[in-house]
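Please consult the sequence and the coordinates alongside the text.

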Amino acid sequence: MNAGTASKAAAYAAGLALIAVGLRGIVDQVPLAQWAEWFVGAAVLHDAVLVPAVLAAGALTGLVPAGRRIVRAALVIGACVTVVAIPVVLGYGRRADEPSRLPLPYGRNLGIVLGVIAAAAACALVVRAVTARRRAGGASGRGGATRAPRHSRKEARR
């Protein structure tokens with residue numbers, strides 16, 4: 001057994017141990033009906049909302065003529081940030097008697113972060129368009145500085 005195989009086996013064993021700890025916690029602390037309700041809700045949310053949204057976004061970004069990968073990357077990053085921020089944006093855990101819990105304008109801040117992601121994607125698209133135009137201009141002989149042809153020493157003596 002080489003080092004790579006041994007490290008994979010150790011990682012798999014650690015993963016299985018963590019899964020066992022999680023399953024034991026579910027069995028010991030969560031009523032079966034409540035767990036089943038959560039599981040079915042998650043499956044329905046995934047199949048009825050998430051998958052159609054991702055397929056629609058993929059189809060719409062397929063219509064983008066150039067920079068499709070950049071647009072898709074920005075959408076994926078924005079979706080991940082939104083999923084992480086949704087609980088605080090919606091105010092889960094906020095209490096009226098404790099104003100120091102979740103005191104910031106998280107909706108505005110999420111909008112700012114998504115705007116920065118969109119701006120970064122737009123900058124990447126502009127850079128890509130400019131470099132493509134420069135390459136096309138250099139290949140066709142248009143634009144850019146050109147050098148005078150170099151003469152050999154024999155031609156210079158004549």
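Pro-103 is exposed, since its relative accessible area is 55%; on this scale exposed means over 50%, buried under 20%, and partly exposed in between, with a 1.4 Å probe and protein chains only. The residue belongs to the loop that joins α3 (68-89) to α4 (106-140). Between the C-alpha atoms of Pro-103 and Val-88, which are 15 residues apart along the chain, the separation is 9.9 Å.

The model is predicted: local features need pLDDT of at least 70 and side-chain atom pairs count only at pLDDT 80 or more, whereas totals for chains, interfaces and linings use all residues. Residues are numbered from 1 along each chain as its sequence is written, and side-chain values use heavy atoms, with hydrogens and water left out.

**Overall architecture.** The protein has five helices and zero strands, in the order α-α-α-α-α along the sequence. Helices (H or I, at least four residues) and strands (E, at least two) are DSSP runs, numbered from the N terminus. Of the 158 residues, 8% count as buried. The protein exposes about 13,100 Å², of which carbon and sulfur atoms supply 68%; these areas come from the Shrake-Rupley method with a 1.4 Å probe.

**Helix α2.** Thr-61 is part of helix α2 (residues 32-61) and is buried, with a relative accessible area of 5%. Beyond its neighbours within four places in sequence, Thr-61 is in contact (heavy atoms within 4.5 Å) with Arg-68, Val-71, Arg-72 and Leu-75. In the protein, residues 24 or more positions apart account for 41% of the contacts with a separation of 6 or more.

**Annotated spans.** The unreviewed UniProt entry lists residues 9-27, 39-63, 70-90 and 110-130 as "transmembrane region"; such annotations may be inferred rather than shown by experiment. Two of these spans are tabulated below.

| Span | Helix | Strand | End C-alpha separation |
|---|---|---|---|
| Residues 39-63 | 92% helix | 0% strand | 35 Å |
| Residues 110-130 | 100% helix | 0% strand | 30 Å |
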